[in-house]
Amino acid sequence: MDEIEINSLAEPDLRDPVLIEGLPGVGHVGKLAAEHLVEEARQRAGAAGLRRRVPPQVTVNDEGVADLTCAELHAVTTEGDGPDLVVLTGDHQAATNDGHYRLTTAFLDAAESLGVETAYALGGVPTGELIEEYTVLGAVSGAEQKATLEDAGVEFRPDEPEGGIVGVSGLILGLGKRRGLDAACLMGETSGYLVDPKSAQAVLEVLETVLDFEVDFSSLEDRAEEMEEVVGKIQEMQSQQQAIPDEELRYIG
C-alpha cells in the first residue's frame with residue numbers, strides 16, 4: 001500500500017477556488033467550521049471530493065462499521081460572485097512530525113491541481129477560561145494580506161498564539177508561502193475545554209465577509225445552545241466548588 005493513497009472521486013469545475021482547512025484541533029473550531037461548510041453545500045449544490053487514507057488507524061461509525069482513517073477535500077460551489085471552495089476535512093491529524101509535512105504537501109498538491117492559489121487554515125486559540133465575546137485572531141503568509149482581514153474584524157496580536165501554530169494549519173502557511181500561495185490562519189478564541197460551535201461561527205463569519213458568500217448558521221446555533229447547557233452546568237459546579245466530572249469536559253463533536 002502507498003504511504004498516502006489518493007482516490008479522486010470527481011473532477012470539479014471550480015471558479016477561482018480557495019482552500020479552506022479544518023482538521024481537528026483546539027475546541028474543534030476548525031473542524032466544526034469546515035464540516036458546516038460541507039454540510040450546507042451538500043444541501044444546496046452537492047460536494048465532490050478527493051479522499052486520502054492514512055494507515056494504521058480505523059474509524060468506526062454508529063453502526064459499528066470500520067474504515068481506514070482519512071481526510072477529504074470537498075469541492076464546494078458558492079452562490080454570487082465569490083470564489084468556490086476546496087474544503088479539507090477529516091477526523092485526525094498525523095501522529096508524527098514527518099507525517100504532518102508529508103500530508104500537508106499532499107493536501108497542497110491536490111489543492112493546486114484544482115487551481116487553488118489562496119488558502120485559509122481554520123482553528124482555535126485557547127484562552128483557558130469560558131468566554132462570551134468571541135474574537136478571531138489571525139496570522140498570514142504575507143503582510144499585505146493583513147488589511148483585508150483586519151477590515152473583517154480579525155485581530156493580529158504580537159506573539160500570539162504563544163508557541164506558534166502547530167500541525168497542518170501552521171504548515172499550510174509555511175509550506176504554502178514557499179509555493180507562492182496567499183495563506184492565512186483564522187483562529188477563534190475558545191476556552192479549550194469544550195467543543196465550541198460559537199467560535200466556529202465567529203470564524204465562518206470572517207470568511208463570509210472576506211470571500212463574499214453566505215452561510216446558514218442554524219445548525220451551528222442549535223449545537224451552541226446544547227453546549228451552553230453544558231457550560232451552565234460547569235459554571236454551577238464551579239460556583240459550588242464542586243469537582244467537574246470528566247464526562248462534562250470531553251469533546252463531544
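Is R102 buried, partly exposed or exposed? R102 is partly exposed, at 41% relative accessibility. The cut-offs: buried is under 20% relative accessible area, exposed is over 50%, and partly exposed is in between, with a 1.4 Å probe and protein chains only.

A word on the model before I go on. This is a predicted model, in which local features need pLDDT of at least 70 and side-chain atom pairs count only at pLDDT 80 or more, while totals for chains, interfaces and linings use all residues. Residues are numbered from 1 along each chain as its sequence is written, and side-chain values use heavy atoms, with hydrogens and water left out.

Now the overall picture. The chain has seven helices and eight strands. Those are DSSP runs, numbered from the N terminus: helices are H or I with at least four residues, strands are E with at least two. There are 253 residues in the chain, and 46% of them are buried. Next, contacts, meaning heavy atoms within 4.5 Å. Take the contacts with a separation of 6 or more: 73% of them join residues 24 or more positions apart. The chain exposes about 13,100 Å², and carbon and sulfur atoms supply 44% of that. Accessible areas come from the Shrake-Rupley method with a 1.4 Å probe; for residues, only the protein chains shown count as cover.

On to salt bridges. The term needs a side-chain nitrogen of Lys or Arg within 4 Å of a carboxyl oxygen of Asp or Glu. Side chains of opposite charge can pair when their charged atoms come close. The whole structure has 10 salt bridges.

Back to R102. Its side chain meets that of D98 in a salt bridge, 2.6 Å from N to O. Both residues lie in helix 2, residues 97-113. They are four residues apart, about one turn of the helix. D98 is partly exposed too, at 42%.

Helix 1 has a pair as well. K31 forms a salt bridge with E35, with the closest N and O atoms 2.6 Å apart. Why are K31 and E35 separated by about one helical turn? Because they are four residues apart in helix 1, residues 29-44. K31 is buried, with a relative accessible area of 6%. E35 is partly exposed, at 27%.

Then there is a network. E160 and R157 meet through their side chains in a salt bridge, 3.6 Å from N to O. Salt bridges that share partners join E155, R157, E160 and E189 into one network. E160 is partly exposed at 37%, and R157 is partly exposed at 27%.

E189 sits in strand 8, residues 182-190. Its relative accessible area is 13%, so E189 counts as buried. What is E189 in contact with, leaving aside neighbours within four places in sequence? The contacts are V125, T127, I131, E133, Y134, T135, R157, D196 and S199.

Follow that list to S199. S199 is in helix 5, residues 197-211. S199 is buried, at 0% relative accessibility. Beyond four places in sequence, S199 contacts V29, Y134, G188, E189 and T190.

E208 is buried, with a relative accessible area of 18%. Setting aside residues up to four places away, E208 touches F213, E214, V215 and F217.

F213 also turns up beside T78. T78 lies in the loop between strand 4 (66-76) and strand 5 (85-90). T78 is buried, at 9%. Not counting residues up to four places away, T78 touches R15, P83, D84, L85 and F213.

Last, the surface. E205, D216, E221, D222, E225, E226 and E229 gather in a patch of negative charge. Patch residues have over 30% relative accessible area and no salt bridge; like charges are joined within 9 Å, and nonpolar side chains (Val, Leu, Ile, Met, Phe, Trp, Tyr) within 5 Å. Lys and Arg count as positive, Asp and Glu as negative; His and the chain ends are not counted. The place of a charge is NZ of Lys, CZ of Arg, CG of Asp or CD of Glu. Which helix gives the largest share of the negative patch? Helix 6, residues 218-239, with five residues. E225 lies in helix 6.
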